[in-house]
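Welcome! Let's look at this structure together, one question at a time.

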Amino acid sequence: MTRNPRNLIVLLVLVYLTMLLGGAALKPGYSAMSQYISELGATGSAHARLISLAGFIPVGVLAALLLVSMATRAPVSGASRVGYWLLLCEPIAWIGSALAPCDLGCPTEGSLSQALHSLLGVFTYLGTTLALLLLAATPHLKPATRVLWVALAITWLMLFVLMATPSLHAWRGLLQRLAEWLVYGVLCIAAWRLAAPAARPVRA
């Protein structure tokens with residue numbers, strides 16, 4: 001594992017963007033505006049296996065490695081440490097999406113793989129919401145930072161509900177991207193700051 005977690009952050013961002021942009025370029029007719037990111041790896045669609053193996057799984061593995069590498073640097077304890085490890089819901093979701101891909105169109109009902117995929121999605125969004133709320137309990141945080149974590153949790157859950165709303169079907173891809181970019185962006189910024197050379201490990 002790299003000694004400098006910042007290298008992992010850069011690599012994770014690059015692999016995520018390559019998967020997102022490259023997968024969309026490979027997928028005929030794919031719309032990032034109206035389609036879930038899972039549809040890049042949907043069963044029976046073009047290049048689904050390649051995108052899952054070379055995109056979804058690497059993103060999940062790198063995200064998990066980053067969380068593990070930052071564990072001793074994150075100033076969390078008690079409930080906030082539980083929240084920190086609940087962030088593993090995200091890498092689990094990426095890897096799980098490759099192992100249990102959705103059906104074409106990601107319908108609410110379908111094959112066993114689709115059912116597992118949907119269950120994983122609900123688990124992930126609720127787990128990540130709880131993780132962000134618990135991170136607000138991190139000791140010695142500034143009040144504004146606590147508010148940020150709570151607001152991020154509420155926004156994440158709200159965007160999940162909105163993208164699952166039938167009347168907003170045409171915008172569900174955009175809503176999912178907004179949720180990911182907001183949460184992943186804040187987490188990467190927080191990790192980048194904690195990974196500064198002057199930052200000292202904090203005992204678990």
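Q: Which residues in helix 3 meet helix 5?

A: This is a predicted model, where local features need pLDDT of at least 70, side-chain atom pairs count only at pLDDT 80 or more, and totals for chains, interfaces and linings use all residues. Residues are numbered from 1 along each chain as its sequence is written, and side-chain values use heavy atoms, with hydrogens and water left out. Helices are DSSP runs (H or I, at least four residues) numbered from the N terminus, and contact means heavy atoms within 4.5 Å. On the helix 5 side the partners are G127, L130, A131, L134 and L135, and from helix 3 they are A79, S80, V82, G83, Y84 and L86.

Q: At roughly what angle do the axes of helix 3 and helix 5 cross?

A: Axes are lines fitted to C-alpha atoms over the stretch in contact, with angles from 0 to 180 degrees between N-to-C directions. Helix 3 spans residues 79-86 and helix 5 spans residues 112-135; their axes come within 7 Å and cross at roughly 145°.

Q: What volume does the largest pocket have?

A: A pocket is found on a 1 Å grid over the protein atoms alone, as an open set of points where a 1.4 Å probe fits, with protein on both sides within 12 Å along at least five of seven lines; lining residues have an atom within 4 Å of a point. Grid points are joined across faces, edges and corners, and the volume is the space filled by probe spheres set on them. For the largest pocket, that is about 1,100 Å³.

Q: Which helix gives the most to the lining of the largest pocket?

A: Helix 1 (5-26), helix 2 (48-70), helix 4 (89-99), helix 6 (143-163) and helix 7 (172-194) each supply at least two lining residues. With eleven residues, the one that gives the most is helix 7.

Q: Which helix has the largest share of the lining of the second largest pocket?

A: This pocket holds about 640 Å³ of space. Of its 30 lining residues, the closest to the centre are Y36, G121, F160, M163 and Q176. The largest share, eight residues, comes from helix 5.

Q: Is R177 buried or exposed?

A: R177 is found in helix 7 and touches Y16, L20, Y30, A32, Q35 and I37, not counting residues up to four places away in sequence. Buried means under 20% relative accessible area and exposed over 50%, with a 1.4 Å probe and protein chains only. R177 has a relative accessible area of 2%, so this residue is buried.
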